[in-house]
Amino acid sequence: MKIAYCLASSGEKNCSAFEVGHISKSTLSHHIKILREAGVIQPRIEGKQHYYSIRKADLNHRFPGIVDLIIAEGGEEK
């Protein structure tokens, strides 16, 4: 949720710019892979840098209002 919130609220980010607390780089990479494979986020590769963004249009088409809900929840774990 925190990764999705980070991207939904602030747009495209480099992998190192995520504000998701104190998790290891390998854990972050694993979660990014899961979100990418699930179609929640999309990568843009520029040289050696990987930038990720949330697939707002696709998500809102399949699940109307989901991106607004992610932003409203603030990425907080309940």
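Student: In which strand is the place of Gln49?

Tutor: Gln49 lies in strand β3, a strand being a DSSP run of E with at least two residues, just as a helix is a run of H or I with at least four, numbered from the N terminus. The model is predicted, so local features need pLDDT of at least 70 and side-chain atom pairs pLDDT 80 or more, while totals for chains, interfaces and linings use all residues. Residues are numbered from 1 along each chain as its sequence is written, and side-chain values use heavy atoms, without hydrogens or water.

Student: Why is Gln49 called partly exposed?

Tutor: Its relative accessible area is 36%, and partly exposed covers what lies between buried (under 20%) and exposed (over 50%), with a 1.4 Å probe and protein chains only. Gln49 is therefore partly exposed.

Student: Why is Asn14 called buried?

Tutor: Asn14, found in strand β1, has a relative accessible area of 15%. That value falls under the limit for burial, so Asn14 is buried.

Student: What makes the pair of Asn14 and Gln49 side chains a polar contact?

Tutor: The two side chains meet at 2.3 Å. A polar contact is a pair of N or O atoms within 3.5 Å, one able to donate a hydrogen and the other to accept it within protein; residues adjacent in sequence count only if both atoms are side-chain atoms. The value is within the cut-off, so the term applies. Asn14 and Gln49 are 35 residues apart in sequence and 7.1 Å apart in space, C-alpha to C-alpha.

Student: What else does Asn14 touch, not counting residues up to four places away in sequence?

Tutor: Besides Gln49, Asn14 touches His50 and Tyr51, contact meaning heavy atoms within 4.5 Å.

Student: What makes β2 and β3 a pair?

Tutor: 6 bridges join β2 (residues 41–46) to β3, and the strands run antiparallel. Glu46 is bridged to Gln49 of β3. In the hairpin of β2 and β3, 2 residues stand between the strands, and Gly47 takes a positive phi near 65°.

Student: How do you know that the span of α2 is close to the expected one?

Tutor: α2 has 13 residues and reaches 18 Å from first to last C-alpha, close to the 18 Å expected. The expected span is 1.5 Å times one less than the number of residues.

Student: What puts the buried residues of α2 on the same side?

Tutor: Leu28, Ile32 and Leu35 are buried in α2. They cover an arc of only 65° around the axis, which places them on the same side; the arc is that of the directions from the helix axis to the C-beta atoms. Ser26 and Glu37, on the other side, are exposed.

Student: What makes a set of residues a nonpolar core, and which touch the most other members here?

Tutor: A nonpolar core is a set of buried Ala, Val, Leu, Ile, Met, Phe, Trp, Tyr and Cys residues joined through side-chain atoms within 4.5 Å. The largest has 17 residues, and Ile3, Leu7, Phe18, Ile32, Ile41 and Ile54 touch the most other members. α1 gives the most to this core, with 5 residues.

Notes: Two strands pair if DSSP finds at least two bridges between them.
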